[in-house]
Amino acid sequence: MARCYSVRVSKRYPSVPRLWLISDARNDGALEAALRRLPRGSGLVFRHYHLAEPERRARFRQVQRLARLRGHSVVLAGTMRQARRWGADGAYGSARQLAKGTAGLRLATVHSLRELRRAARADAVLLSPVFATRSHPGAGALGPLRFLLMAQKSRIPVLALGGMTPRRAARMPLHGWAAIDGLSP
């Protein structure tokens, strides 16, 4: 059995949601519908890099209200300080980006074993890309076997990202998963 089934979850956040929706320009129009369809207690990583700061913050507030009503955690792509200023539950980014700042849920993006080691202080990592993805056309994917081998080396929860769908997630032993397109209506 893969270690990712029995990893210790952070004492700071004893229950890292197992399902995460990641926002961006592609799924913005369907974001509210997707949040309503997620099981209660899921999570949202709010990216929306395509918006200027004032518009991004306004859109964050809109989406955050709905997410809270549905019992979802809301994490902001950015620094922990920014996440706290915006009222998010935590931050999403590289381990280096999340290293400083106030307390909150820390989701680190990871693409290699080196990055996985650097992310040891995060509450969970999003390891990607598991499969080919529209976010990075033509980029190499880890594939399920390499993903699982890397996930076994982690002492914190590993979330699969990149080309993930409910069907693919059901076939893999993992803590949880995240998607941009795979969870949008």
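**Notes on a predicted barrel model**

1. Of the 185 residues of the chain, 51% count as buried. Keep in mind that this is a predicted model.

2. Next, the inventory. The chain holds seven helices and eight strands. Its radius of gyration is 15 Å, close to the 16 Å that the globule rule gives for 185 residues, so the chain is as compact as a globular protein of that length. Along the principal axes, the C-alpha atoms fill a box of roughly 45 × 35 × 30 Å.

3. Now look at contacts along the sequence. Take those between residues at least 6 apart in sequence. Of these, 53% join residues at least 24 apart.

4. How do the strands pair in the closed barrel? The pairing is parallel, and the order of the eight strands is β1-β2-β3-β4-β5-β6-β7-β8. From one strand to the next, the twist averages 25°.

5. Zoom in on one pair. β2 and β3 run parallel and are joined by four bridges. Val45 stands opposite Val75, which lies in β3. Helix α2 packs on the sheet here and touches both β2 and β3. The direction of α2 makes about 160° with that of β3.

6. Helix α2 covers residues 53-69, which is 17 residues. At 1.5 Å a residue, the helix should span 24 Å.

7. Which residues of α2 are buried? They are Arg56, Arg59, Phe60, Val63, Gln64, Leu66 and Ala67. Seen down the axis of α2, the buried residues fall within an arc of 165°, so they line one face of the helix. An α-helix has 3.6 residues a turn, so residues three or four places apart point the same way.

8. Finally, see what follows the helix. After α2 comes Gly71. The phi of Gly71 is positive, near 75°.

Definitions and conventions
Residues are numbered from 1 along each chain as its sequence is written. This is a predicted model: local features need pLDDT of at least 70, side-chain atom pairs count only at pLDDT 80 or more; totals for chains, interfaces and linings use all residues. Side-chain values use heavy atoms; hydrogens and water are left out. Helices (H or I, at least four residues) and strands (E, at least two) are DSSP runs, numbered from the N terminus. The expected span of a helix is 1.5 Å times one less than its number of residues. Buried means under 20% relative accessible area, exposed over 50%, partly exposed in between (1.4 Å probe, protein chains only). The arc is that of the directions from the helix axis to the C-beta atoms. Two strands pair if DSSP finds at least two bridges between them. Axes are lines fitted to C-alpha atoms, for helices over the stretch in contact, and angles run from 0 to 180 degrees between N-to-C directions. Contact means heavy atoms within 4.5 Å. The radius of gyration is taken over C-alpha atoms; the globule rule is 2.2 Å times the number of residues to the power 0.38.
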